[in-house]
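Me: I would like to go through the terms used for a protein model and see what each label rests on. Please set each value against its definition.

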Amino acid sequence: KKALVEKAPYFALSIIFAGVTVWAQGSDNAIASLDHHPMGSRVLVAGRALAFYIYKTVIPINLAPFYPRDLAPSFLGIEYASSFALVIAITAASIWLLKRSRLPLALWLFYLVTLSPVIGVIQVGSQAAADRYTYIPGLAPFILIATGVGWISNRHKGVATALALISALVLGALTIRQISIWRDSVSLWAHEVAVYPDEAPIGWSNLGLAYKDRGELDKAVANYNRAIEVDPDYAEAYGNRGATYLRMGRMDEALEDLSRAIRLNPRIPELYGNRGVVFINMGEYEKAVEDLTESISLNASTATKGFFNRGIAYKALGMNAEAVSDFTRTIEADPSFGGAYNNRGGAYLRMGSYNEAIEDFSAAIKIRPDDAAAHYNLGLAYIKTGYREAALAHFRDAASLGLRQAEEYLKTLGE
């Protein structure tokens, strides 16, 4: 009774943090509904997970960043039936050994309790398992192994030493191999698709993202195509391919992919944000404002790019006051964003607020002295306020930085 009382605060904290976790994941739409994953399938996945983690702890090969979840698990499947058989066998053995030692049952219960929140009864994400979930539960089998090695060492020290050396060599070799897999994003996700080539579209999609980050856009598109082959309804692959087409300047294809992704999953803010940029590039500013507004509403806390891009669209529509408001929100979130100052200055210039425009263009130049457009715009603002010499200085700076527009303007001024 005393032991239970002294542990009560820890149980209470566990319940509180579990509730906070469920709330946070639920607000991010990460928890799968019972309609999507019925309770029966969750129990099967949970039973398999208990055995899966033991297997991966004892034989740590083919470890992967993402283990795909079986969408139609069956108890008749050998993987699930054998997993439940193993769990029942370990439970029975722990109870049978209770008269000799309470350690096996204590360790087994520790393993079950610490692993239970993440075995899939409450399904977060689309994975069946994750290596990181075993950091604490994994203590149980290792304590049992260490106890066993100690027992052997007391009776056959040479055998225990040999086992320890062999284990160290094998695990060391596996660790070196695993380090090479985690070398970079390309090697990581290339390993994922090698282990699960036809089960996990996320592997192909993330491999595409890794190539996109390297600037290898054709390879990125090829991997998104493979992700879509694995799952034709995988919204993220269409969204990522659309974003890559946007970067490649292939606007029609980008629009098609991003629109398809939105139809498949209308809750991803980046999809609307990227489609808004596509619309800006296509000159369809009203549609851009609509999409960027939706993107901001879905994720206002991290919508810096959304506010900036919507400001660009508002500015193109001549809605300068709205543009100033959005650029101001951008600057509040990122005071070092020179482009936001330059564009807000442009909106102020159109509104006739020349002093504010001069202040913003000067701030943009301070952040990035080689910004030719900011120098040119500052020159325009100085012309409007009658400061010809200051204007000429900045026009010359813009021209020296390669802006032909500045060279042409200098000619009109007789310079």
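Reply: What follows is a set of questions about labels, each answered from a value and a definition.

Reply: This is a predicted model, in which local features need pLDDT of at least 70, side-chain atom pairs count only at pLDDT 80 or more, and totals for chains, interfaces and linings use all residues. Residues are numbered from 1 along each chain as its sequence is written, and side-chain values use heavy atoms, with hydrogens and water left out.

Me: How many helices and strands does the protein have?

Reply: The protein has 20 helices and two strands. Helices (H or I, at least four residues) and strands (E, at least two) are DSSP runs, numbered from the N terminus.

Me: Why is the protein called more spread out than a compact globule?

Reply: The globule rule is 2.2 Å times the number of residues to the power 0.38, and the radius of gyration is taken over C-alpha atoms. For 415 residues the rule gives 22 Å, while the radius of gyration is 30 Å, well over that value, so the protein is more spread out than a compact globule. Along its principal axes the C-alpha trace spans about 100 × 50 × 45 Å.

Me: What makes α14 roughly parallel to α16?

Reply: The axes of α14 (residues 304-316) and α16 (residues 338-351) cross at roughly 25° and come within 11 Å. Axes are lines fitted to C-alpha atoms, for helices over the stretch in contact, and angles run from 0 to 180 degrees between N-to-C directions. Angles under 35 degrees count as roughly parallel, over 145 as roughly antiparallel, 65 to 115 as roughly perpendicular and the rest as oblique. Therefore α14 is roughly parallel to α16.

Me: Which residues make the contact of α14 with α16?

Reply: Contact means heavy atoms within 4.5 Å. On α14 the residues are Phe-308, Ile-312 and Lys-315, and on α16 they are Gly-339, Ala-340, Asn-343, Gly-346, Ala-347 and Arg-350.

Me: Why does Asn-240 count as buried?

Reply: Buried means under 20% relative accessible area, exposed over 50%, partly exposed in between (1.4 Å probe, protein chains only). Asn-240 has 17% relative accessibility, so it counts as buried. Asn-240 is in helix α10 (residues 235-248) and touches Ser-205, Leu-209 and Tyr-224, not counting residues up to four places away in sequence. Of the 415 residues of the protein, 40% count as buried.

Me: Why does Met-351 count as partly exposed?

Reply: Met-351 has 41% relative accessibility, so it counts as partly exposed. Met-351 is found in helix α16 and, leaving aside neighbours within four places in sequence, is in contact with Asn-320, Ala-321 and Val-324.

Me: How do you know that Thr-328 is partly exposed?

Reply: The relative accessible area of Thr-328 is 23%, so Thr-328 is partly exposed. Thr-328 is found in helix α15 (residues 320-333). From C-alpha to C-alpha, Thr-328 and Ala-340 are 7.7 Å apart in space, and they are 12 residues apart in sequence.

Me: Where does Asn-62 lie, and why does Asn-62 count as partly exposed?

Reply: Asn-62 lies in the loop between α2 (39-58) and β1 (67-68). Asn-62 has 39% relative accessibility, so it counts as partly exposed. Asn-62 also has a positive phi of about 55°, although it is not a glycine.
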